[in-house]
Amino acid sequence: MATNDRITITLNGSPVELPAAPHETLLEVLRRERLHGCRESCGQGVCGTCTVLMDKRAVATCILLARLADGTEIETVEGLGVPGDLSVVQEAFVQEAGFQCGFCTPGIVLSATQLLREKPHPTDDEIAHYLAGNICRCGAYPEIVSAVHAAADMLAAEQGTGAR
Ligand code: FES
Ligand code: FES
């Protein structure tokens, strides 16, 4: 339960209590924990570079007061995989070069992961619709769509129970 200066969340699978002043956003709180995959760009809830999954929903952390995340389950890109042990979706983005500068990539990978949990074989239109909140300023959209399809195929081949 939130106190004046702390919140309790499940962060990448582990329960944690984090410092969070009443005015602080979830983005500020997570970056202080060195979760730098969560990035600020527009700061207005428009571009999606600050995306995390909160209770299996993509949210813009730059406009979300940290206190509103109290008691929720938060997934950041660091919780999906790490170098040498990437998630299937991360592997697919590497394989298909689904990025250029990479600034948008953590948010897009998280959104794509949740999409594939909900819809294992999305169409191009469904991918575009689901990722509409994640802007790629490099315009790597064709490769991003290819990466989501590749991840879907890889997950199906693994006969896994869902994207991680
Ligand atoms: S930085 Fe949060 S949506 Fe753009
Ligand atoms: S890869 Fe550069 S913003 Fe998307």
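**Stop 1: the second largest pocket**

By class, the lining of the second largest pocket splits into 6 nonpolar, 6 polar and no charged residues. Here Ala, Val, Leu, Ile, Met, Phe, Trp, Tyr, Cys and Pro count as nonpolar, Asp, Glu, Lys and Arg as charged, and the others, Gly among them, as polar. Select G45, V46, C47, G48, T51, A58, V59, A60, S111, Y130, G133 and N134 to see that lining. Strand β4 (residues 57–60) gives the largest share, 3 residues. The pocket holds about 150 Å³ of space.

A pocket is found on a 1 Å grid over the protein atoms alone: it is an open set of points where a 1.4 Å probe fits, with protein on both sides within 12 Å along at least five of seven lines, and lining residues have an atom within 4 Å of a point. Grid points are joined across faces, edges and corners, and a volume is the space filled by probe spheres set on the points. Helices (H or I, at least four residues) and strands (E, at least two) are DSSP runs, numbered from the N terminus.

Before moving on, note that this is a predicted model, in which local features need pLDDT of at least 70 and side-chain atom pairs count only at pLDDT 80 or more, while totals for chains, interfaces and linings use all residues. Residues are numbered from 1 along each chain as its sequence is written, chains are lettered from A and ligands numbered from 1 in the order in which they are written, and side-chain values use heavy atoms, with hydrogens and water left out.

**Stop 2: the largest pocket**

Now select R39, V77, L86, Q90, F93, V94, F99, G102, T105, P106 and V109, which line the largest pocket. Which elements give two or more residues to this lining? They are α3 and α4. The volume is about 190 Å³. By class, the lining has 7 nonpolar, 3 polar and 1 charged.

**Stop 3: Q90 and helix α3**

Stay on Q90, in helix α3. Is Q90 buried or exposed? Q90 counts as buried because its relative accessible area is 11%; buried means under 20%, exposed over 50%, and partly exposed in between (1.4 Å probe, protein chains only). Show its neighbours: leaving out residues up to four places away in sequence, Q90 touches V77, L80, G81 and V109. Contact means heavy atoms within 4.5 Å. Draw a distance from the Q90 side chain to G81: a polar atom of that side chain lies 3.4 Å from the backbone nitrogen of G81.

Widen to the helix. V88, V89, Q90, A92 and F93 are buried in α3. Their cover includes α2, α4 and α6.

Step past the end of α3 to A97, where phi is positive, near 50°. A97 sits in the loop between α3 and α4. A97 is partly exposed, with a relative accessible area of 40%.

**Stop 4: helix α6**

Select residues 141–158, the 18 residues of helix α6.

Colour by burial. I144, A147, V148, A150, A151, A152 and L155 are buried in α6. An α-helix has 3.6 residues a turn, so residues three or four places apart point the same way. What covers the buried residues of α6 includes α3 (88–95), α4 (105–118) and α5 (124–130). Just after α6, Q159 has a positive phi of about 55°.

**Stop 5**

Pick T76, in the loop between β5 (73–75) and α2 (77–80). T76 is buried, at 1% relative accessible area. Not counting residues up to four places away in sequence, T76 touches L11, N12, L30, L35, V52 and L110.

Next, R6 in strand β1 (residues 6–11). R6 is partly exposed, with a relative accessible area of 30%. Its side chain makes a polar contact with the side chain of E17 (2.7 Å). A polar contact is a pair of N or O atoms within 3.5 Å; within protein, one must be able to donate a hydrogen and the other to accept it, and residues adjacent in sequence count only if both atoms are side-chain atoms.

End on R34, in the loop between α1 (26–32) and β3 (51–54). R34 is not a glycine, yet its phi is positive, about 70°. R34 counts as exposed, at 67% relative accessibility.

Definitions and conventions: The expected span of a helix is 1.5 Å times one less than its number of residues.
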